[in-house]
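Good morning. I will talk through one structure today, starting with its charged pairs and ending with its sheet. Please have a look at it before I go on.

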Amino acid sequence: MRAFPFAFALAACGPNIYDKAPPGTFDGNIYLMWIDDGGSSGDGKFVFVPVPGQALTFTRNEKANATVRTIVPEMMYTDGGSIPRIAQIFKGFSPWGYAPAYMVHDWIFVAKNCTTDNDPQGNEAQIADMKFEESADIMAEAIRTLVAEKRVKPNDVSERVIPGVVGGSISRGLWEQQGACAERRVSPEDRAAAEAGLPGSRRSLRGMTRSLPGGKTIPVKRAQLITTFEF
């Protein structure tokens, strides 16, 4: 979830999206892979990997005003909640604390960017008619679902602040951004590395290389599985 501003605390005074959100249901698994150290940022590059037959699925409540009822995120780069380091000391603001909700929210932004650029793949086209405001509703519904299913402990601050932040102007700019699809697509090299790193995978990376700035190339290595989340 990109561009999470440090001014998140101000969102507590905004409209309370969370309290109006009906819980849905989560199914499937999360596989989060570490690709590399992320270059100069040093934060690392992470890829969410859906596994056939175990794909993370968020089904929205029938009471929700939903353009899309069932959301199944596809492979994508992710940085969790993009929570600033200084804020991560507070309970509920770990960048992976609400990982399933972040994965759903991240993916609908990828899908929206790619439908905006007329390059939808997989099930991205279903997001084409979704309005920005609904993306914040989905975040609130997903967090409320994790609380209702006792996957996370209730937190009156973070669970109400985060949906308000993702409904703000910075997120709207990312939602409406043009020309962002190509950058957000997982590269063939990273896709191969992520798939090769899955438990039980026999995928070979022999001969595959990654291009670095300056024209240097290095062999593609298996991504490392750093966490799973099962429903």
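Arginine 172 has a relative accessibility of 32%, so it counts as partly exposed. This is a predicted model. The salt-bridge partner of arginine 172 is glutamate 133, with 2.7 Å between the closest N and O atoms. Glutamate 133 is partly exposed too, at 45%. The two sit in distant parts of the chain, glutamate 133 in helix α2 and arginine 172 in helix α4, 39 residues apart.

The structure has 10 salt bridges. Another one joins arginine 60 and glutamate 141, at 2.8 Å from N to O. Arginine 60 lies in the loop between β4 and β5, while glutamate 141 belongs to helix α2, 81 residues away. Are these two buried or exposed? Buried means under 20% relative accessible area. Arginine 60 has 3%, so it is buried, and glutamate 141, at 4%, is buried as well.

Next, arginine 185 and glutamate 124 form a salt bridge, their closest N and O atoms 2.7 Å apart. Arginine 185 is in the loop between α5 and α6, and glutamate 124 in the loop between α1 and α2. Arginine 185 is buried at 18%, and glutamate 124 is buried at 3%.

Now the sheet. Three strands make an open, antiparallel sheet in the order β1-β4-β5. β1 and β5 are at the edges with a single partner strand each, so one side of each has no neighbour in the sheet. Two bridges connect β4 and β5; in one of them, phenylalanine 58 is partnered by isoleucine 71 of β5.

Technical notes. Residues are numbered from 1 along each chain as its sequence is written. This is a predicted model: local features need pLDDT of at least 70, side-chain atom pairs count only at pLDDT 80 or more; totals for chains, interfaces and linings use all residues. Side-chain values use heavy atoms; hydrogens and water are left out. Two strands pair if DSSP finds at least two bridges between them. Helices (H or I, at least four residues) and strands (E, at least two) are DSSP runs, numbered from the N terminus. A salt bridge is a side-chain nitrogen of Lys or Arg within 4 Å of a carboxyl oxygen of Asp or Glu. Buried means under 20% relative accessible area, exposed over 50%, partly exposed in between (1.4 Å probe, protein chains only).
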